[in-house]
Protein chains: 2
Amino acid sequence: MTAAHFSRPPTAQEAVLTEVRRLLVTGDLAPGTPVRQEALAERLGVSRVPVREALKVLEGEGHIVYTAHRGYLVAELSVDDLVEVYRLRDLLEAEAIRAAFPHLDDTNLTAITNAARAVDDADWRGDLAGIGTANRVFHFALFDLAAMPRLSRTLRQLWDATDVYRAVYFAEARNRARVHDEHMELIAALHDRDVERAIAAQAAHRDNSVAAVREALTRSTPQAAGGFDPAR
Amino acid sequence: MTAAHFSRPPTAQEAVLTEVRRLLVTGDLAPGTPVRQEALAERLGVSRVPVREALKVLEGEGHIVYTAHRGYLVAELSVDDLVEVYRLRDLLEAEAIRAAFPHLDDTNLTAITNAARAVDDADWRGDLAGIGTANRVFHFALFDLAAMPRLSRTLRQLWDATDVYRAVYFAEARNRARVHDEHMELIAALHDRDVERAIAAQAAHRDNSVAAVREALTRSTPQAAGGFDPAR
DNA sequence: GTTTTGAATATTGGATCCAATACTGTTAGC
DNA sequence: GCTAACAGTATTGGATCCAATATTCAAAAC
């Protein structure tokens, strides 16, 4: 029996990658702010080399933008971007759900239901970050059933693009309650094996959140939160 | 007047990136073969650092796969992958064409027509690599009209995934003739401002090429072409 | 003959150092 | 007062070196 669960990242770049992703999601690295290699490296106790490689991955995924000799900036989302992201999610999530249905059985339906419960648990605990991750686990438990890796990957990228702004959505109790209800509706549709209803539920769920993100976006320029600021 | 057009890459990593992309498209770096950092660095006259950063970008884009301490392999396409790629192209290209139509005017229709002519020119010249790039310019001249950058980017990634195999398609004169006819049909649909016909033309065009790629894929395991082999 | 151990080799991962470029603030010129 | 040249600083880009890990292959144990 191996102790595979305790596996710390085998490379420093992976550790950096994980940490920077966290900083991006939590908003410690706010959109528009420069990402300083030295500051990140020092904070994580590594040299700049693994930092640079991790940043390249994030560049390839579109989370940060790069200019030669000027470095990296956290990608900013324009309203046009947001509209595009949600249009693409509309198309691709519908496809994912459609493709997932033939693979839907009692086992993975239970898993999905448990994932929804985990969202609620994080809510009870008042763990905002936990809600975000649990919410994603819930939705991708369904999407990944489609067994279409590229589709899953693309969807994850689209989700990532708005994650920075989604935090504000979960901050309001009213939104959290609505999310709970919408998750229940989606699960009910899955129980009834009703594809179109599931797709509609997902679409409604998505449309409700886009409004919140759009508002967060148009509201005055985002500022770096109080925490660590690798910009300086 | 500046000589901006002659701008060589401002960084070595970009030069490496360009070159590796070329190697991937031409098949010099065949699917499944390892990508050796040292060999690439030596060939391009740089150290391993910019090579590693370029490879990270390609990893982020899914062109090569990475395992810690074992390095990079050129991503292989399974038949399942291929089916997925074309299903996603089906969805996304239809969306791109739909979104492009409102922006379609005489100016960019002329540009698209010229791009189609460039494909034929490359054909007359017997320039197989030229056909591939001109073909892509033609199709993305239309897709990019949608003014949906993420959609364009995703489509490019999907095209990239099969580019390695598409070379064999253009190798046959019969296929090249068919491509010409299909391009003409697509342009005719654009001229008539007939969205559905354009989408159908694109779908037929795509379906014809997928069969060829599928065959190339199922045919015995791909081997590295005669050229440079960075695998050793 | 098969499996296992271990040393030698190949390859990748990371740290440090130096070079190249961009940015900032100051001063000189008008 | 405004602009332009310039020096100093900050930051990124790249090369070299060493460490860590994986692979290979031969020899020993069973």
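Visitor: Which residues come nearest to DNA strand C?

Guide: A residue is near a strand if one of its heavy atoms lies within 4 Å of it. Of the 18 residues around DNA strand C, those that come nearest are Ala12(A), Ser47(A), Arg70(A), Arg48(B) and Tyr66(B). This is a predicted model, in which local features need pLDDT of at least 70 and side-chain atom pairs count only at pLDDT 80 or more, while totals for chains, interfaces and linings use all residues. Residues are numbered from 1 along each chain as its sequence is written, chains are lettered from A and ligands numbered from 1 in the order in which they are written, and side-chain values use heavy atoms, with hydrogens and water left out.

Visitor: What share of the atoms of DNA strand C within 4 Å of the protein belongs to sugar or phosphate?

Guide: Sugar or phosphate accounts for 72% of these atoms, and bases for the rest.

Visitor: How is the area buried between chain B and chain A to be read?

Guide: The size of an interface is often given as the accessible area lost when the parts come together. Buried area is taken with a 1.4 Å probe and summed over both parts. Here about 2900 Å² is buried between chain B and chain A, with carbon and sulfur atoms giving 55%.

Visitor: How many salt bridges are counted between chain B and chain A?

Guide: A salt bridge places a side-chain nitrogen of Lys or Arg within 4 Å of a carboxyl oxygen of Asp or Glu. The count between these chains is four. Arg52(A) and Glu53(B) meet in a salt bridge through their side chains, at 2.8 Å from N to O.

Notes. Buried area = accessible area lost by both parts, 1.4 Å probe.
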